[in-house]
Amino acid sequence: MTEMLVELDNVSMAYGKGDAAVLAIEDVTLSIRKGEFIAVVGPSGCGKSSLMKLISGLHAPLSGKLAVEGKPVNGPLKSVGMAFQASNLLPWRTCVDNILLPLEIVQPYRSKISSNRAEYKKKAEDLLHSVGLKGFTEKFPWQLSGGMQQRASICRALIHEPEILMLDEPFGALDAFTREELWCALRDIQAQRQVTVMLVTHDLREAVFLADTVYVMSDRPGKVVKKCNVNIPRPRDLEVTYTQEFQDIVHELRSMIGGKH
Ligand SMILES: Nc1ncnc2c1ncn2[C@@H]1O[C@H](COP(=O)(O)OP(=O)(O)OP(=O)(O)O)[C@@H](O)[C@H]1O
Ligand SMILES: [Mg+2]
């Protein structure tokens, strides 16, 4: 039997209580296999980021069942690494020191880092090398391009070897060429580490290029209106984006999302 890492069973989630409550997610049922790459797409405000907050334990469900690694989620999970649209690197720290930051904050690494700093530093440098940032480890974020900063922020999310990498619009602020470069960097990281990835994106081509499974969410309150298995073998080459098969999947997903004129 395939091992399920994340399981949501009829999960709903709201912000606030009573009359002021805003239902963000309604009756979502989905599961994520270990090593699977899923993408979540849907209109702005439909609950994509909320779904991430739920799965990472940053926000509790209103109803339904949520389990990660077979256990109910009761609080923030350490087995999750996150990166967002803005890299949020600290300008006064070098690249490598930015990547070590989570280890300085979160236990049990916090107690170990002072005696094992060299070992962790080597790990951070290896990660930076794997995303093409060799030679930039001692540079400050403001000495890097936007795409390089995003690469570094993905490294920071991976430093504690999370089970799940959660990426919320990580390439949203980049130009089309840099974005495609980073798709390939992310594809390679996932292939090397076999990490489970949940990618939230507005970009349907990005979702279809990278993911095994794409979930389309409806307008708020967000429900899963479509689960699309992308049956193109992974890892994929950028050439695949020009094929009819790829474009047909993108069109099908587009037709599921409102606001088309
Ligand atoms: N902190 C909050 N307090 C109250 N309501 C919130 C809060 N955060 C989000 N919401 C509501 O929940 C809904 C879902 O928000 P969420 O941020 O998950 O959407 P999203 O799909 O990530 O949108 P976007 O694509 O614009 O990032 C929104 O419509 C918003 O009204
Ligand atoms: Mg969002």
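E69 is partly exposed, with a relative accessible area of 37% (buried is under 20%, exposed over 50%, partly exposed in between, with a 1.4 Å probe and protein chains only). This is a predicted model, in which local features need pLDDT of at least 70, side-chain atom pairs count only at pLDDT 80 or more, and totals for chains, interfaces and linings use all residues. Residues are numbered from 1 along each chain as its sequence is written, chains are lettered from A and ligands numbered from 1 in written order, and side-chain values use heavy atoms, without hydrogens and water.

E69 is not a glycine, yet its phi is positive, about 50 degrees. E69 sits in the loop between β4 (63-68) and β5 (71-72); helices (H or I, at least four residues) and strands (E, at least two) are DSSP runs numbered from the N terminus. N88, also a residue other than glycine, has a positive phi near 55 degrees. N88 lies in the loop between β6 (80-83) and α2 and is partly exposed at 49% relative accessibility.

## Cis peptide bonds

Q107 and P108 are joined by a cis peptide bond with omega of about 5 degrees. P108 is in the loop between α2 (95-105) and α3 (109-113).

Another cis peptide bond joins R234 and P235, with omega of about -5 degrees. P235 belongs to the loop between β10 (224-229) and α8 (244-256).

## Nonpolar cores

The largest nonpolar core has 55 residues, and L128, I154, L165, L167, V214 and L253 have the most contacts inside it. Such a core is a set of buried Ala, Val, Leu, Ile, Met, Phe, Trp, Tyr and Cys residues joined through side-chain atoms within 4.5 Å. Helix α6 (residues 176-193) supplies the largest share of this core, six residues.

Leaving aside residues up to four places away in sequence, I154 touches A83, L165, L167, F171 and I189 (contact means heavy atoms within 4.5 Å). A second, separate core of 27 residues includes A24, L51, L66 and V80.

## Ligand 1

The residues around ligand 1 are Y15, A24, S44, G45, C46, G47, K48, S49, S50, H202 and R220, where a residue counts if one of its heavy atoms lies within 4 Å. Helix α1 (residues 48-55) gives the largest share of this shell, three residues.

A polar side-chain atom of R220 is 3.2 Å from an oxygen atom of ligand 1.

Conventions
A polar contact is a pair of N or O atoms within 3.5 Å; within protein, one must be able to donate a hydrogen and the other to accept it, and residues adjacent in sequence count only if both atoms are side-chain atoms.
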